[in-house]
Amino acid sequence: SSNGIGYFENTNSAFPFSTGVVLSTGDVTKIPGPNTSILSDGTAAWSGDSDLEANLLSQSGITINSTNASYIEFDFQPKTPNFDFSFLFASEEYGTSQCNFSDAFAFLLKDVTAGGTNVNLAVIPGTAIPVSVETIRDMTYNPSCPSANPNYFGAFNGGGFGPAINFNGQTVSMLASATGLDITHVYRIKLVIADGGNNTGYDSAIFLEANSFNIGQDVLGLDYTTANNAAICPGNT
């Protein structure tokens with residue numbers, strides 16, 4: 001019922017990523033600021049995601065009924081035992097709804113070669129607690145709802161033309177990472193977000209910073225450009 005995946009370019013200094021990919025539980029074309037409307041797109045015909053629900057239950061003990069799910073999934077082979085990428089979570093639930101509702105997202109990593117279960121990388125650092133409006137919030141913007149991990153809360157976006165995005169609030173730029181990977185194995189990662197509680201209102205989004213998915217530096221070798229004096233001349237291989 002809506003397109004939930006897009007590419008973005010940004011020049012607003014209030015937002016930390018200049019380019020990247022965004023996954024939303026609503027219409028991505030309505031994401032650019034200013035923050036002048038409540039984003040509540042998507043119908044019940046847009047389904048949720050069973051992998052997301054299963055992982056939140058098994059890894060974090062959280063039960064949700066998801067709907068309006070957007071995801072990107074791909075396989076890769078790491079060049080080093082560690083990898084990471086930068087992301088930012090934003091939601092219309094920040095403010096008056098941050099203690100009542102919770103959309104959900106996960107970065108599910110699975111060792112395809114060895115098999116096994118999905119592991120969610122989108123967690124509060126040092127814990128198994130998934131990132132959401134319930135786990136990262138600042139009571140300054142909702143006095144009846146106590147703060148939770150406020151050091152990871154980035155900004156509450158008021159009205160007008162200041163905010164870069166049309167969401168009420170956002171986290172700081174965060175890092176999802178994994179260690180101990182086997183460089184001879186193939187891994188699959190699924191980046192997925194969905195509305196929770198069978199509620200299609202009050203959308204959320206995940207912003208993924210361009211060029212931050214690091215599976216081992218210099219994977220592609222030298223950049224053949226004139227800028228680094230490594231351009232390939234005509235006739236050379």
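Is Thr 127 buried, partly exposed or exposed? Thr 127 is partly exposed, with a relative accessible area of 35%. On this scale, buried means under 20% relative accessible area, exposed means over 50%, and partly exposed is in between, using a 1.4 Å probe and protein chains only.

Before I go on, some ground rules. This is a predicted model, in which local features need pLDDT of at least 70, side-chain atom pairs count only at pLDDT 80 or more, and totals for chains, interfaces and linings use all residues. Residues are numbered from 1 along each chain as its sequence is written, and side-chain values use heavy atoms, with hydrogens and water left out.

Back to Thr 127. You will find Thr 127 in the loop between strand E6 and strand E7 (153–156). The helix and strand labels are DSSP runs numbered from the N terminus: helices are H or I with at least four residues, and strands are E with at least two. A polar atom of the Thr 127 side chain lies 2.8 Å from the backbone oxygen of Ile 124. That is a polar contact, meaning a pair of N or O atoms within 3.5 Å; within protein, one must be able to donate a hydrogen and the other to accept it, and residues adjacent in sequence count only if both atoms are side-chain atoms. Thr 127 and Ser 60 are 67 residues apart in sequence, and their C-alpha atoms are 9.8 Å apart in space.

Next, helix H1, residues 50–60. Which residues of H1 are buried? They are Leu 52, Asn 55 and Leu 56. These three cover an arc of only 100° around the axis, which puts them on the same side of H1. The arc is that of the directions from the helix axis to the C-beta atoms. An α-helix has 3.6 residues a turn, so residues three or four places apart point the same way. On the other side of H1, Ser 50 and Ser 58 are exposed.

What covers the buried residues of H1? The cover includes strand E5 (104–111), strand E6 (119–120) and strand E10 (187–195). Take Asn 55 of helix H1 as an example. Asn 55 has a relative accessible area of 3%, so Asn 55 counts as buried. Not counting residues up to four places away in sequence, Asn 55 touches Ser 60, Leu 108, Asn 118, Val 119 and Asn 120. Contact here means heavy atoms within 4.5 Å.

Now the two ends of the helix. Asp 49 caps the N-terminal end of H1, with a side-chain oxygen 3.1 Å from the backbone nitrogen of Asp 51. Asp 49 is in the loop between strand E2 (19–24) and H1, and at 6% relative accessibility Asp 49 counts as buried. Leaving aside neighbours within four places in sequence, the contacts of Asp 49 are Ser 66, Ala 69, Tyr 71, Lys 190 and Val 192. After H1 comes Gly 61, whose phi is positive, near 70°.

Pro 34 is also in the loop between E2 and H1. The peptide bond from Gly 33 to Pro 34 is cis, with omega near 10°.

Two asparagines have a positive phi although neither is a glycine. Asn 68, in strand E3 (residues 67–76), has a phi of about 50°. Asn 211, in the segment after strand E11 (204–209), has a phi of about 65°. Asn 68 is buried, with a relative accessible area of 0%, whereas Asn 211 counts as exposed at 83%.

Then Tyr 94, in the loop between strand E4 (83–91) and E5. At 1% relative accessibility, Tyr 94 counts as buried. Beyond four places in sequence, Tyr 94 has contacts that include Phe 89, Ile 136, Phe 153 and Phe 156. The C-alpha atoms of Tyr 94 and Asn 157 are separated by 9.3 Å, though the two are 63 residues apart along the chain.

Last, the second largest pocket. How many residues line the second largest pocket? There are 15, of which Phe 8, Glu 9, Ile 31, Pro 32 and Phe 207 lie nearest its centre. A pocket is an open set of points on a 1 Å grid over the protein atoms alone where a 1.4 Å probe fits, with protein on both sides within 12 Å along at least five of seven lines; lining residues have an atom within 4 Å of a point. Strand E1 (residues 5–9) gives the largest share of the lining, four residues.
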